[in-house]
Amino acid sequence: MPVTYTYCQLCEQTCGLAVKTEHGKVTEVMPDKDNPFSWRDFCVKAGASHLSLEHPDRITSPMRRVGDKFVKATYEEAIEDISRRLAAITRTHGPDAVASYGGNPSSFNFGGSSFFSLLMNGIGTRNKYWVGSIDQNGLHVALRDILGAPFAILHTDIDRSDYMLFIGSNPKISGMNWLGHIPDGWKRALEAQKRGARITIVDPRKTESAEKADLHLSPIPGTDWAFVLGLIKVIVEENLGRTRYADRLMGLSDIKALAASVDLADIATYCDIEESLVKQVARDFAAARRGFAVARTGVAQTLGGTVGLWLTLVLNFITDRVETEGGLYYQHKTVTDLIRMTNDLVPDEVIHSRLKKSASVVGYLPLAELADEITTPGEGQVKALIVHAGNPVVSGPDGPALDRALSQLDLLVAVDLFQRESHRHADWLIPGEHFLEREEVNVLIQATHPVPYVQASRRAVDPPEDLMPEWRFFYRLALKMNLPIVKSRLFNPLLRFSGVLARLLGKPYLEFSPQLMERLLVAKGKQFRYKDILAAEHGVGNPQERPTFGALFDRVGFADNKVRLAPDNFLARARELVATVNGAAQNGTADADTFQLISRRRMHMMNSWLAETSMTMMKNAQGDHIHLNKGDCERLDIGNGERVKVQSETGSIEAIAQLTADVRPGVAVMEYGWGNRRFDPATGEVSQQRGVNSNSLVSRTELDPLSGVPALNGSRIRVAKLAV
């Protein structure tokens, strides 16, 4: 039975896979035990990933809306109609009338995402949105303003660490993922713990990781920034800081002044963490010979998220935890230098949204503002949207408002494997590729590895007959509209000729294509040879190589190569937040039925995009439970398993109460990524619906002002028992 060796493309872990096939169909997906980089295991998401290949609802040809249903069409018909309508919209309303949205899976599709960007750049629109604006934007902003490099991903030298501080992170479930990854990271953290390293978890919920930690602190949601500032205050005032890179740091005096502006007792009250524990963590962290602090999505998805992420970086810098053994480091010896590559590719220009004047992050505007950009008349109003491998109605805040807005578009095109909740009003459904049908060297994803290693994605089975790769669809659409794909329309005849020449000579790499871009980027990286990458079934490189330190400081994106510890915009926002600490007594829940909603994720379920396969493997998971503190429920006379109404100023849903001692009082927890529907496009009927969407309770107007990220953690809700 043939076996294809590739890697999973559902999350950053990129676990090695061994895919068995028979008669052109996948029979089993297994972990690649010979992969030298990944953890030689995987989660059920990878094991069930092939189920969508032959799924009866899968879109395998372009489909045009006719009434409430869709009928099959050809690519020629789709490209002709879409190009004509896009051209008419841009002529009448300008290029900003066309918007784009890229979901998380597009990051794992180098060709599709690259040519989608070329298409939108050719149109000339500024209305580009992406999934990063619901979680990771804050980190990009912090890295951009501190280091001058928004993709300066810092990895954890976890095997040699003596103190690991995880804030708003559940590494047992996340797998040490979030803009960078450590294969088998949680097990490696536990191995370090066995030899004496300490693990501290800061999370309002006693997570699966917190159960194994040496210390678990449970702050009020949204106060992480204040907790970290408290750590910095203790370290600064007790002179516990140190750094061998002091001559590279600017703004330390501003950090000291910020720390001095707040009282530690007020911080402890504000966070609801004992002052003695704040001091203990600060002293232990500073005293550890080697260590690191990381803040993840639990911090990022709050209104003070960017400040929390920034202060966590500051904490690492002032305690010599950056570019040191056992701390954080930048890996420059991957397939290409990510900082230098993205600094070349990511636009320097910061644009601002039409209505709220929010700043773009790495070229993209906040998803939370898209609904209003569609419904509000005026110059630049969005009239058309192309969604690539995304489900923003479910994954973003206030999905019902976005759904209503999408119904008003003149043109909605969805490129995906399935018709999802966000595609209900689509005019065209364009088939997407499954990663097991794709061959490429995804330079962007492979550049995020923490060690010198790269692996090619290999095709295990052929795609459905006549299915056009996503990159080629975007490419042909751009050529049909005669857009300036590469700086000028004058190049378009040459680009067309490159495809003809490649076919005539039997050398596909001569065509302007993702493969040509991959070859150029690999060559520019000077770390690997493209042919060696293609030849190595289990990847090529040295995953056991210990990190070298210091590369980050040679790549700081400022002319003086110095780190800006205290950018003015961060200080201003921090001072606004510090002012709220004076009202610490009012920070908690005001009324007995009022809670702060936070989210949790399951290791074994995709979030909002590929839920159909992971749901198949989770027979008992419904995604409609709300986890509440037992004491809170006793006061509200809510019993375990009873149905409750969950309401915010944005919307309301019904859920089933699940009582627990693992959640701090005043906090409610719901699972992220449920509440979506899948449709049979041929009939227009709902073919799957499970759970409720907790994101529909989250405001699309209350955003972190530095990043545009909504409060997916910490939103205020009311919970009441439903009358029988």
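Which residue in β29 is the bridge partner of Val644? It's Lys721. Keep in mind as you look around that this is a predicted model.

That bridge belongs to a pairing between strand β24 (residues 643-647) and β29, which run in the antiparallel sense over four bridges. Strand β29 (residues 715-721) also pairs with strand β22 (residues 594-600), again in the antiparallel sense and over four bridges.

Now for a few loops. Start with Asn127, in the loop between α3 (110-123) and β7 (128-130). With a relative accessible area of 6%, under the 20% cut-off, Asn127 counts as buried. Leaving aside residues up to four places away in sequence, Asn127 touches Asp96, Val98, Ala99, Ser100, Leu365, Gly380 and Val382.

Most residues other than glycine have a negative phi. Lys526, though, has a phi near 60°, a positive value. You'll find Lys526 in the loop between α20 (514-525) and α21 (530-535), and its relative accessibility of 71% is over 50%, so Lys526 counts as exposed.

Asn561 has a positive phi too, near 55°. Asn561 sits in the loop between β20 (540-541) and β21 (563-564).

Key:
Residues numbered from 1 in each chain as written. Predicted model: local features only at pLDDT ≥ 70, side-chain atom pairs only at ≥ 80, totals over all residues. Heavy atoms only, no water. Helix = DSSP H or I, 4+ residues; strand = E, 2+ residues; numbered from the N terminus. Buried < 20%, exposed > 50% of the residue type's maximum accessible area, 1.4 Å probe, protein only. Contact = heavy atoms within 4.5 Å. Pairing = 2+ DSSP bridges.
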